[in-house]
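Hi,

Here is the structure I said I would pass on. Please have a look, and my notes follow below.

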Amino acid sequence: MGKDKKEEAIFLRKKITLLRAFSLLIGSMVGSGIFISPKGVLKNSGSVGFSLLVWFSCGLLSMFGALCYAELGTRITKSGGHYIYILETLGPLPSFLFLWAEFFAIRPANSAVVSLAFGRYMLEPFFAPCAAPVPAVKLVSLLGYYMVLTLNSWSVTWSARLQTALSIVKLLALALIIVPGMMLLAQGHTEHFQDAFDRQSLVLDKLPLAFYAGMFAYSGWFQTGFVREELVKPERNIPLAVIVSVITVIVGYMLTNVSYYTVLGTEDVLASPAVAVSFVQRAFKSLISVVPVLVALSCFGTMNGGIFTFSRTLFVASREGQWPPLFSMIHIRRHTPLPAVMLMFPLVTAMVCIGDIYHLLNFFSFSRWLFIGLATLGLIVHRHRHPELQSPFKVPLFVPVSFTIICLFTVAMSFYSDPVNISIGCTIVLSGFPVYYLIIHRQMSDRCRNLFYYLTHKLQLLLEVVQQEIKTY
């Protein structure tokens, strides 16, 4: 009996090696961002030269953030990423506000952006040189997202295998853009780099939006924090994995953007709904049907990874008592976190139907970078409170200080850049205050508690899910 119980707890067994951690980070960072963000970065930076500076700066900023999270991952031994870092360093209220914003803003908007990119690249070859109809793009986007939901509800094993396979597809898609672009650059096609730093086109109050677009493309460097309890030798493997993976992605993204600008001018990039498709149409028409499909599959893999990490966050939040226990339950036959997987279904559907990629990107980026900045602020606080704690990996103090200041400054400046979407995101974060004090901080009455448990029990029977005892090995 004891042996069977141990087998059931295999979910959080330490099985993620250094190679698998590296693959997880690469697969998470290289997604839809590099194929949709170049337009947003260029639009808000104003010129080719400044856009390349933004891309490099975003890579450097991501490295700073990744190093901070690597230290947090060696100090705090629980899984949960942003949520658990904020909870352990700044307390329950900020961590609940993150969870609230993650559910209502960050995660559904992020999933909607990736889903829309998937739909656009899937349909673009069939309608080129014209843009694909918006209703068709949204329909295909939803179908792709529902396929990922079904897969994650059906089998954790198959969703993990798919993620591994699609990580290879992501790198192949980048290679098919970088290699032709570098070949043309070597042949002397540098006309689009003339007057690259045009100061007249630079608008300073739009730069935060350019950074949001660039940082969206790099986002994923924090994924090891979600699976901290499953990592083999985390004190060694977390720093190694984040350093190698971020450097690899910085080089890949810079070469990809140089390839884009070697073939396409600024007007072409700004007019293109799908930059990678426009690149292939101009450079190598023989690949016109291959690259968009690879990009769409890359987006599909990003959707798959996003659902996995979000369900892990809900697992940890339920374990900490800040989220209903239903969302830490698994299906009795499929052994999948069915309630956590299905939770985002209505919100993502609504955002895909009514949203646009770039408005959604600004909308959720405010909340995401606010709480990432708070997490690295928490690292500074944790160092001050626990000077006796000897962390096996420690970054110089200026790294978390500078990263935190840049994140919070960018968040503040974005109110001037896109006040409508940023205000909506801010309102969603603030709306979590009364919820926290009415439900989490204040004990529910016996009547409300009994009603809550009754509804949870009925949903548990309906979904055929049970509570799993979480163990680490």
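At what angle do helix α2 and helix α10 pack? The angle between α2 (residues 18–29) and α10 (residues 234–263) is about 35°, and their axes lie 9 Å apart. Axes here are lines fitted to C-alpha atoms, for helices over the stretch in contact, with angles from 0 to 180 degrees between N-to-C directions. Helices are DSSP runs (H or I, at least four residues), numbered from the N terminus.

Before going on: this is a predicted model, where local features need pLDDT of at least 70 and side-chain atom pairs count only at pLDDT 80 or more, while totals for chains, interfaces and linings use all residues. Residues are numbered from 1 along each chain as its sequence is written, and side-chain values use heavy atoms, leaving out hydrogens and water.

In the α2–α10 contact (heavy atoms within 4.5 Å), the α2 residues include Phe22, Leu25 and Met29, and those of α10 include Leu240, Val244 and Tyr253.

Helix α13 (residues 291–319) has 29 residues, which should span 42 Å at 1.5 Å a residue, and its end C-alpha atoms agree at 42 Å apart. The expected span is 1.5 Å times one less than the number of residues. Of those 29 residues, 25 are buried (under 20% relative accessible area; exposed is over 50%, with a 1.4 Å probe and protein chains only). Glycine 321 follows α13 and has a positive phi, near 80°.

In α18, Asn421, Ile422, Gly425, Ile428 and Val429 are buried. On the other side of α18, Val420 and Thr427 are exposed.

Best wishes

Technical notes. Helices (H or I, at least four residues) and strands (E, at least two) are DSSP runs, numbered from the N terminus.
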